[in-house]
Amino acid sequence: MWDPQTYLTYADERTRPARDLLAAVDLADPERVVDLGCGTGTSTRLLAARWPGADVLGTDSSSEMIEAARAEQDGIRYEVVGAAEWQPEGPVDLWFSNAMLQWLPGHLDLLPRWLGTLSRTGRLAFQVPANFDAPHHVLLREFCAAPAWRDRLHGISERHEAIHTPVGYADALAAAGARPDVWETTYLHRLEGPDPVLTWTMGTALRPVLNKLDGAEREAFLAEYGEAVRAAYPVGRDGVTTFPFRRIFAVGAPA
Ligand SMILES: C[S@@+](CC[C@H](N)C(=O)[O-])C[C@H]1O[C@@H](n2cnc3c(N)ncnc32)[C@H](O)[C@@H]1O
C-alpha cells in the first residue's frame with residue numbers, strides 16, 4: 001500500500017517535524033529507543049545519529065517501507081509489526097513516533113500502555129499532522145463522497161477522525177500519569193515544480209484512495225482531483241507554491 005519512493009518526495013519538508021520533535025526530547029543517554037511507524041527509516045536514523053550508543057529499533061506495519069529502510073544498510077534493526085501490537089521485553093527509554101498515529105484510530109487508548117513501559121526517566125514523543133481541514137483534504141473527502149466515486153471510495157479518506165486536539169492529547173497524557181508538553185506549529189512549505197501539493201498528497205493521503213482504483217479510473221481521479229488542488233493552491237509569481245501544514249507535537253514524561 002505504501003510507495004517508499006513517492007513518500008520520499010519532499011523528504012526535507014517531511015523530516016523537519018521529526019527533527020523539531022526530537023529537539024524537544026531532553027534525554028541524555030537513553031539505552032532503548034523505539035520508533036513506531038518508522039517508514040523508510042528517516043526518523044529512525046535521526047534517533048540513531050543523536051544517540052549512537054542506544055539500542056534503536058524501527059517498527060512499521062508496512063513491509064514495503066521496512067524493506068526500503070533495511071536497504072539503507074544503516075546498521076539499525078527494523079521489524080514489520082503494527083504499533084498497537086509490538087510489545088517490549090523490558091523498559092523503553094524513548095517511544096518516538098513521527099507522523100504515524102493519524103493512521104491508528106483509538107491511539108489515545110494506547111498511551112497508558114506505552115507510558116507504563118517507560119523507564120523512570122523515559123519519554124514518549126509523537127507528532128501528528130493536524131491539517132485535515134486544509135483544502136486538499138476537504139477536496140479529497142468531497143471527491144470520495146461525490147456520486148461519480150462514492151460507490152468505490154466512500155469513507156476511505158476519513159483519517160481526520162483519528163486525530164485529537166492539542167488539549168485532547170495533553171489531557172490524555174496527564175490522565176495516564178504523565179507530565180505533558182504539547183504544542184502545535186504551522187509550517188509554510190514553499191514547494192517548487194508542477195502540481196507539488198498533488199505530488200505531496202500522493203505520498204500519503206491519496207494512497208488508500210488510489211489503491212482502490214484501477215488504471216483508467218486512477219488517471220481520471222487524478223486529473224479531476226489534481227485540477228481542484230491546483231486551483232486551491234495557486235502557484236505564486238515566483239513559481240513557488242505555498243503549502244501551509246499544521247502539526248501537533250507531544251512529549252510525555254513520567255510525572
Ligand atoms: C507518514 S509515514 C512516517 C514515517 C517516518 N516516521 C518518518 O518520519 O519518515 C507513516 C508510516 O506509518 C506507518 N503506519 C501506518 N499505520 C501503522 C500502524 N498501525 N503501525 C505501525 N506503522 C504504521 C506507515 O506504514 C508509514 O510508514
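In this predicted model, helix 2 passes helix 3 in a right-handed crossing. Helix 2 covers residues 11-23 and helix 3 covers residues 42-50. Their axes come within 10 Å and cross at roughly 35°. From helix 2, the residues that make the contact are T15, A18, R19, L22 and A23. Helix 3 contributes T42, S43, L46, L47 and R50. Sorted by class, the residues of this contact are five nonpolar, three polar and two charged.

A second pair of helices can be read in the same way. Helix 6 (residues 135-145) packs with helix 11 (residues 215-232) at an angle of about 145°, and the two axes lie 10 Å apart. Here, too, the crossing of helix 6 with helix 11 is right-handed. On the helix 6 side, P135, H136, L139, L140 and F143 make the contact. They meet F221, E224, Y225, A228, V229 and A232 of helix 11. In this contact, nine residues are nonpolar, one is polar and one is charged.

Attention now turns to the ligand. There are 19 residues around the ligand, and G37, S43, D60, A83 and N98 come nearest. One of these, S43, also belongs to the contact that helix 3 makes with helix 2. By class, the shell around the ligand holds 10 nonpolar, eight polar and one charged residues.

A nitrogen atom of the ligand lies 2.7 Å from a backbone N or O atom of G37. For D60, the side chain takes part: one of its N or O atoms is 2.6 Å from an oxygen atom of the ligand. With S61, the backbone is involved again, as a polar backbone atom of S61 is 3.3 Å from a ligand nitrogen atom. How much of the ligand does the protein bury? Taken alone, the ligand exposes 600 Å², and the protein buries 93% of that.

Technical notes: Residues are numbered from 1 along each chain as its sequence is written. This is a predicted model: local features need pLDDT of at least 70, side-chain atom pairs count only at pLDDT 80 or more; totals for chains, interfaces and linings use all residues. Side-chain values use heavy atoms; hydrogens and water are left out. Axes are lines fitted to C-alpha atoms, for helices over the stretch in contact, and angles run from 0 to 180 degrees between N-to-C directions. Helices (H or I, at least four residues) and strands (E, at least two) are DSSP runs, numbered from the N terminus. A crossing is left-handed if the near helix is turned anticlockwise from the far one by less than a right angle, and right-handed if clockwise. Contact means heavy atoms within 4.5 Å. Ala, Val, Leu, Ile, Met, Phe, Trp, Tyr, Cys and Pro count as nonpolar, Asp, Glu, Lys and Arg as charged, and the others, Gly among them, as polar. A residue is near a molecule or strand if one of its heavy atoms lies within 4 Å of it. A polar contact is a pair of N or O atoms within 3.5 Å; within protein, one must be able to donate a hydrogen and the other to accept it, and residues adjacent in sequence count only if both atoms are side-chain atoms. Accessible areas come from the Shrake-Rupley method with a 1.4 Å probe; for residues, only the protein chains shown count as cover.
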